[in-house]
Amino acid sequence: MHPDALARSGPPPAALRARPGEEVLHVLLIEDDDDDAFLVQELLAETDARIALRAVPSLRAAREALDSAEVNCVLLDLGLPDASGLSGLRELQRIASHVAVCVLTGLDDEHLGIAALSEGAQDYLTKGKVDGVGLTRAVRYAVERKRTDESARALREAELHQAESARLERGLLPQPLMRDAPAELELLYRPGRHRALLGGDFIDAVQVGPARVQLLVGDVAGHGVEAAALGVSLRVAWRALVLGQVPDAAVLPSLQKVLESERRSEEQFATVAMVTVALDEGVAGIRLAGHPPPLVLAEGRVAPCDARPGAVLGAVDATAYDAAPMSLGSGAWALLIYTDGLIEGYAGEGERLGVDGLCELLRSPEAGGVGPAELPGWLVDRATSLNGGPLADDVAILLLHTRRAAPGARVVDG
């Protein structure tokens, strides 16, 4: 077969496709010497190798071939007209890092083959010192070695991904700073269906006095590491501001400044609900930055707070966020703060669950017997069921309740 025919070759011939259960390997030979290219073809033909070979004379032509056809392995001559020595290997790895590479060296250049291995090639072959069986074996071993390397790399990336998730989770979902408070706290985070890593939802709680608790639930727009990292920055900054006894009215404007300095682009913003609870008085002051309203479950009612949401953090210049007072009652009560992932799922044909739908869930007979510790998980499960599948967005929930609070429906029904 003339080398020109190799360059024009397309799919493997019918004989290569005829044997079931044996993989046909697609090999690209980059060789500018017609005689050497023809010899490679003849060596493979001697062994009836299950290899579909295509030959090109330069690295430039190889780029086009790699873009237009499947390639499992490249046989690379280290003496090309447009790439000499290891420069060709480096360029090939840049444009096709997923492909196995065997380099071809001359009798006097075996040292280049050894150097190529340290540069990432899977094997090297010396022209004139390999037969058809050795060439076929080298190609198959190179492909399997590359696949093993790729699997090991994917495993390492998965481990790093998992470690990053754990680190971000600790930053977004910290241990609440509460000691001997006359109330209990339940926390929940549930990733959405599109998430492999935590998103930008964050929660926190800090006890700042014997009967005074500060609560935070926030949501950075977007998904992925950047949203999560920004959420961590905001959550840590909020805790520092609260522990530093910064006046409540100044906390959200300060968070706005943190967001503006930490975000990667001006399109990033965050919604926040900040609640100050006086446990001995049974009242809460609620400040909202574009966030869904918290719900109070007490005295036979489920009611959203009527606080007017201020602007989301990062959308406009820093502004004032006034506190809306809300009575929690003198008996058993629970305060539910959540991110919008809980209410943006569907509850019927074309209808979102929404705040009203969430209130209806809490008033439903099915809520009977659900204790405060189980209530956040129960709500997410019910919202998921109504949605007909996993919720699209992450969900974070914080539930503060009195120690004498009864299970869910009985908190509502009194």
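The structure is a predicted model, in which local features need pLDDT of at least 70 and side-chain atom pairs count only at pLDDT 80 or more, while totals for chains, interfaces and linings use all residues. Residues are numbered from 1 along each chain as its sequence is written, and side-chain values use heavy atoms, with hydrogens and water left out.

Let me begin with the whole chain. The chain has 12 helices and 19 strands. Helices (H or I, at least four residues) and strands (E, at least two) are DSSP runs, numbered from the N terminus. Of the 414 residues, 51% count as buried. Here, buried means under 20% relative accessible area, exposed means over 50%, and partly exposed lies in between, with a 1.4 Å probe and protein chains only. Among contacts with a separation of 6 or more, residues 24 or more positions apart account for 72%; a contact means heavy atoms within 4.5 Å.

I turn now to the parallel sheet. Strands of a sheet pair through backbone hydrogen bonds, either parallel or antiparallel. Two strands are taken as paired if DSSP finds at least two bridges between them. In what order do the 5 strands of the open sheet run? The order is β2-β1-β3-β6-β7, with parallel pairing. At the edges are β2 (51-56) and β7 (123-126), each of which pairs on one side only. Neighbouring strands of this sheet are turned by 20° against each other on average, direction ignored. Such angles run from 0 to 180 degrees between N-to-C directions, and axes are lines fitted to C-alpha atoms, for helices over the stretch in contact.

Strand β6 (residues 100-105) is joined to β7 by 4 bridges, and leucine 104 stands opposite leucine 125 in β7. Helix α6 (residues 110-118) packs on the sheet and touches β6 and β7, its direction making about 170° with that of β7. Helix α5 (residues 87-95) lies across β1 (25-30), β3 (73-77) and β6, and runs at about 155° to β3.

Helix α5 also has a helical partner. The axes of α4 (residues 59-68) and α5 come within 11 Å and cross at roughly 20°. The two helices are therefore roughly parallel to each other. By convention, angles under 35 degrees count as roughly parallel, over 145 as roughly antiparallel, 65 to 115 as roughly perpendicular, and the rest as oblique. The contact is made by Leu59, Arg63 and Leu66 of α4 and Gly88, Glu91, Leu92 and Ile95 of α5. By class, this contact has 4 nonpolar, 1 polar and 2 charged residues. Ala, Val, Leu, Ile, Met, Phe, Trp, Tyr, Cys and Pro count as nonpolar, Asp, Glu, Lys and Arg as charged, and the others, Gly among them, as polar.

Next come two further helix pairs. Helix α8 (residues 225-243) and helix α9 (residues 248-262) pack at an angle of about 145°, with their axes 10 Å apart. Residues of this contact include Leu230, Ala237 and Trp238 of α8, and Val251, Leu255 and Glu262 of α9. They divide into 9 nonpolar, 2 polar and 1 charged.

For helix α10 (residues 354-363) and helix α11 (residues 375-387), the axes come within 11 Å and cross at roughly 120°. That makes α10 oblique to α11. Leu358, Leu361 and Leu362 in α10 meet Leu375, Trp378, Leu379, Arg382 and Leu386 in α11. The contact has 7 nonpolar, no polar and 1 charged residues.

The next topic is strand β13. Which way do the residues of β13 (295-298) point? Leu295 and Leu297 point one way, Val296 and Ala298 the other way, and all are buried. Strand β13 pairs in the antiparallel sense with β14 (residues 301-304) over 4 bridges, and with β16 (residues 333-338), also antiparallel, over 4 bridges. Leucine 297 stands opposite valine 302 in β14, and its bridge partner in β16 is alanine 334. The hairpin of β13 and β14 has 2 residues between the strands, and glutamate 299 there takes a positive phi near 50°.

Finally, two loop residues. Aspartate 180, in the loop between α7 (132-172) and β8 (183-190), has a positive phi of about 55° although it is not a glycine. Is aspartate 180 buried or exposed? At 77% relative accessibility, aspartate 180 counts as exposed. Glutamine 245 lies in the loop between α8 and α9, and its phi is near 60°, a positive value in a residue other than glycine. Glutamine 245 counts as exposed at 71% relative accessibility.
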